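I opened a new structure today and kept notes as I went. The entries follow the order in which I looked things up.

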Amino acid sequence: MTSIVDAPEWRALTKNAEALAGTSMRDLFARDPDRFRRYSLSAAGLFLDFSKNKISDEILDNLLALAKARGLEARRDAMFAGDKINETEDRPVLHVALRAGADAAYAAGGAPVSALVNEELARMKRFADAVQGGKVRGRTGKALVNVVNIGIGGSDLGPQMAVEALRPYWIKGRRSHFVSNVDGRHLADTLSELDPETTLFVIASKTFTTQETLANARSAKDWFLNSGAREEDIAKHFAALSTNEEAVTAFGVDPENMFRFWDWVGGRYSLWSAIGLSIALQVGFQNFEKLLAGARAMDAHFRAAPLGENMPALLALVGVWNRNFLDIRAHAVLPYDQHLHRLPAYLQQADMESNGKRVGLDGAPVAHETGPVLFGEPGTNGQHAFYQLLHQGTDIVSADFIAAATAASELGDHHQLLLANFLAQTEALMRGRTEAEARADLAAAGLAPAEIDRLAPHKAFPGDRPTSSILMDRLTPETLGALLALYEHKIFCQGVIWGINSFDQWGVELGKALAQDILPEIGGPGETRPPATARDSSTNGLIDRVNKARGQRSGR
Ligand code: F6P
């Protein structure tokens, strides 16, 4: 197979980038008053403006030609058809089937799955409704008002992000807690505020073998049993979300309280599955269904819209342009919405675990860059932290700005202030401020010529920093669902263009295996250990230091 960088479409884009070097986005906007209209579109309740990227019609045409040449449409169809597109794990990738609705008829690798999906959703609904209605209660008859989700990665980030995002929809009196870190403080701090009689543990793990989750689940079980509960009470206080029935049963969760999903659901794509139970428990099953419906609307758009009018494909192509042709190595996700404060963390896993790959599907190293470093914080907080680098740093960082035009409940003029900041930042990043403009501003402020000379270079902004803006009327379960599906499909499209498998994660395995290996070398408190010799001098030295400090500490 010819390397992608030798493809004519890739070469054309390389030439486009060279030709564009002397043109600024200011110039592009000045030349074309219609730019906003041409480089924006609506789908599934979202509006995307990608006009503040350094693109032109010719560039967009070449990007679309690249997508076609990489077989994006056929690959998309193969995903929806349930083909085994996750080739290294020999699995279909069918999270779209989880939110396809009652009439869907999806098959994974030829086997029908929609009836199973709907059956599991019905079980989740019964359970969530029963907890909400007080039919399911704790061992002493008290309502289960606290839910502790124990999981990590996709079994934590998705539900936690969605629960935070949907705060206005929370069931009164219900509180969800998310414990992920194997650091015992995370569980201990969480439990210190809870009453075992009113706490429901939801153990979320696709594999039910993840070290951190099992350690937390075991300690949670001990805490519960030490509160005077008996083994048979576990059924009332523990649920499990997993693909691994055997391990769930071995852990002691009642099969009635196990909600299943399947190996064709990737961990970071799993919040639509049983993993979403914690969302349903916090916002009610109806709102969880609305979240699925929002994603379904984006799926329908992604599946049917021609690539040139396809929101996930366009967002992906703009990302490819920035990453591969403008050499932009980092991408910021900047939600101007406090309730979306966990979105950057969620997308970090979705994007970086999916597209942080260095070999193609054929096993050969790729000859081009793949996923960027992704980070973010909600606006306006980020403005007072890392935006300095975004505006004036030596590296160019691309960004997605995300905002809702209206808030669930508006407090004074806060939302206007928030929106004004959102708009000001995208304008500033695009336009910048020339040194001449900086000089004029300083002169208008009455500064002496020498002072102007001294300060003007520091006050100039190069601009030309690409941003995309995603707007919604309001953040609701539906628009949140559409937003998350937009990003899922964007990541998929980029993976196809880069020729990598976005659905495996072998890169996390080495560290896991070494941690198992090192574990027996770490002494308990007060234990004396012989010097470590099995590894490099740095790792041995660190083990010895840790053991020395731990050896001097007795007890707890
Ligand atoms: O370590 C990576 C990973 O496998 C993620 O892909 C996954 O979301 C996370 O661990 C948790 O896995 P599980 O749900 O099987 O506990």
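**Entry 1: the ligand**

Which of the 14 residues around the ligand come nearest? I listed the shell and got Ser155, Ser205, Thr207, Thr210 and Glu353. I note here that the model is predicted.

Next I sorted the shell by residue class. Nine of its residues are polar, three are charged and two are nonpolar.

For Ser155, a side-chain N or O atom is 2.6 Å from a ligand oxygen. Glu353 also uses its side chain: a polar atom there lies 2.6 Å from an oxygen atom of the ligand.

How much of the ligand's accessible area does the protein cover? I got 88% of the 400 Å² that the ligand has on its own.

**Entry 2: two helices**

I moved on to a helix pair. Two packed helices are described by the distance between their axes and the angle between them. I took helix H6, residues 114-133, and helix H13, residues 285-304. Their axes come within 9 Å and cross at roughly 145 degrees.

Which residues make the contact? From H6 I noted Leu121, Met124, Lys125 and Asp129. From H13 I noted Phe285, Phe288 and Leu292. By class, the contact of H6 with H13 has five nonpolar residues, two charged ones and no polar ones.

**Entry 3: a salt bridge**

Side chains of opposite charge can pair when their charged atoms come close. I found 34 salt bridges in the structure. One of them joins the side chains of Asp129 and Lys125, with 2.7 Å from N to O. Both residues also belong to the H6 side of the contact with H13.

Why are Asp129 and Lys125 separated by about one helical turn? They are four residues apart in helix H6, so about one turn lies between them.

**Entry 4: backbone exceptions**

Last, I checked the backbone. Most residues other than glycine have a negative phi, and most peptide bonds are trans.

Where is a cis peptide bond found? I have one from Gly379 to Thr380, with omega near 10 degrees. Thr380 lies in the loop between strand E11 (373-376) and helix H16 (387-392).

I also noted Ala44. Its phi is positive, near 50 degrees, and the residue is not glycine. Ala44 sits in the loop between strand E1 (40-43) and strand E2 (46-49).

Terms used: Residues are numbered from 1 along each chain as its sequence is written. This is a predicted model: local features need pLDDT of at least 70, side-chain atom pairs count only at pLDDT 80 or more; totals for chains, interfaces and linings use all residues. Side-chain values use heavy atoms; hydrogens and water are left out. A residue is near a molecule or strand if one of its heavy atoms lies within 4 Å of it. A polar contact is a pair of N or O atoms within 3.5 Å; within protein, one must be able to donate a hydrogen and the other to accept it, and residues adjacent in sequence count only if both atoms are side-chain atoms. Accessible areas come from the Shrake-Rupley method with a 1.4 Å probe; for residues, only the protein chains shown count as cover. Ala, Val, Leu, Ile, Met, Phe, Trp, Tyr, Cys and Pro count as nonpolar, Asp, Glu, Lys and Arg as charged, and the others, Gly among them, as polar. Axes are lines fitted to C-alpha atoms, for helices over the stretch in contact, and angles run from 0 to 180 degrees between N-to-C directions. Helices (H or I, at least four residues) and strands (E, at least two) are DSSP runs, numbered from the N terminus. Contact means heavy atoms within 4.5 Å. A salt bridge is a side-chain nitrogen of Lys or Arg within 4 Å of a carboxyl oxygen of Asp or Glu.
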